[in-house]
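Biologist: Could we go through this structure together? I am new to it and would like to begin with one residue.

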Amino acid sequence: MAKESKGESAMSRSVRVLETFDQGTRDLSLTQITHRSGMASSSAYRLVGEMVALGLLEKLPNRRYRIGLRLWELANRTPGALGLREVAMPFLQDVQATVRQHTQLGILKGKEVLYLERLSARQSVINLTIVGGTMPFHATSSGLVLLAYSDPETVEDALRSQLDMHFPAPRPNAQSMRRILGDVRREGFAVTRGYVHPDATAVAVPIMGPFDTAAASLAVVVPSKDFHLDRLLRVLRPTARKIADGMRSAYIGESS
């Protein structure tokens, strides 16, 4: 059913179209875009055509559509999250050279983790995260770390949400989750063994920003078999501090 508002701007409707391409969706037909966005067919047809002309969408030979390269080009000009990725990348590569599995950089987006980067090796353990993709906070070590080091309002808002049921991760109630987050903050790391797949264990530490909150998370995903927490923390903790120092230096440099 169409849910268009007469006063809705073209920008808002364009965002609605882009949001139809959720994680795991590579391309969509015009009919699917219309249905997912809730727009009238005529409006969707005109808007999609304009977005193709601008390079925000790309029309494939089979008459389906995907996100256009122009959007990626524009996104890469922004500071903020992408600036964090640039600062962190050399350090992520150092971690990856040591663990030779998966190394990930994430930030909190609402009640989910948004992954800015993932470095992987051949024949690494199974990992469902993708760059630009999201995962529910309770199903990942990154999400638990990011929420544990968030402000109280963010924590309470997340705990009031419905936890995603599509993962084997435990789904504790709000009281139990507060205890888990308290333990994570006290210990300075989070471990999720088998939360996404039985063969995979993830460990995350916070990359601290201002006001005693986490600006991002640094995590590795390794095989559950022969898992050595202390060895991984000896790599992750100093690296997270180096990334935080790099972010502070970059901020000071931009401000001066």
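Modeller: Let us begin with Arg66, which counts as partly exposed because its relative accessibility is 33%; buried means under 20% relative accessible area, exposed over 50% and partly exposed in between, with a 1.4 Å probe and protein chains only. This is a predicted model, in which local features need pLDDT of at least 70 and side-chain atom pairs count only at pLDDT 80 or more, while totals for chains, interfaces and linings use all residues. Residues are numbered from 1 along each chain as its sequence is written, and side-chain values use heavy atoms, with hydrogens and water left out.

Biologist: Which side chain does Arg66 meet in a salt bridge?

Modeller: The partner of Arg66 is Glu58, at 3.1 Å from N to O. A salt bridge is a side-chain nitrogen of Lys or Arg within 4 Å of a carboxyl oxygen of Asp or Glu. Glu58 is partly exposed because its relative accessibility is 29%.

Biologist: How many salt bridges does the structure hold?

Modeller: The structure holds 9. One of them joins Asp183 and Arg186, with 2.1 Å from N to O. Both residues lie in helix α8 (residues 174-187), 3 residues apart, about one turn of the helix. Helices (H or I, at least four residues) and strands (E, at least two) are DSSP runs, numbered from the N terminus.

Biologist: Why would residues three or four places apart point the same way?

Modeller: An α-helix has 3.6 residues a turn, so residues with that spacing point the same way.

Biologist: Which residues are linked in a network of salt bridges?

Modeller: Lys111, Asp157 and Arg160 form such a network. Within it, the closest N and O atoms of Asp157 and Arg160 are 3.7 Å apart. Arg160 is exposed, with a relative accessible area of 63%, and Asp157 is partly exposed at 36%.

Biologist: Changing topic, which residues of helix α2 are buried?

Modeller: Ile33, Thr34 and Ser37 are buried in α2, which spans residues 30-37. Seen down the axis of α2, these buried residues fall within an arc of 100°, so they line one face of the helix; the arc is that of the directions from the helix axis to the C-beta atoms. On the other side of α2, Thr31 and His35 are exposed.

Biologist: And what covers the buried residues of α2?

Modeller: The cover includes α1 (10-19), α3 (41-54) and β2 (65-67). Ser37 itself has a relative accessibility of 2%, and a polar atom of its side chain lies 3.3 Å from the backbone oxygen of Thr34. Just after α2, Gly38 takes a positive phi of about 75°.

Note on methods: Contact means heavy atoms within 4.5 Å. A polar contact is a pair of N or O atoms within 3.5 Å; within protein, one must be able to donate a hydrogen and the other to accept it, and residues adjacent in sequence count only if both atoms are side-chain atoms.
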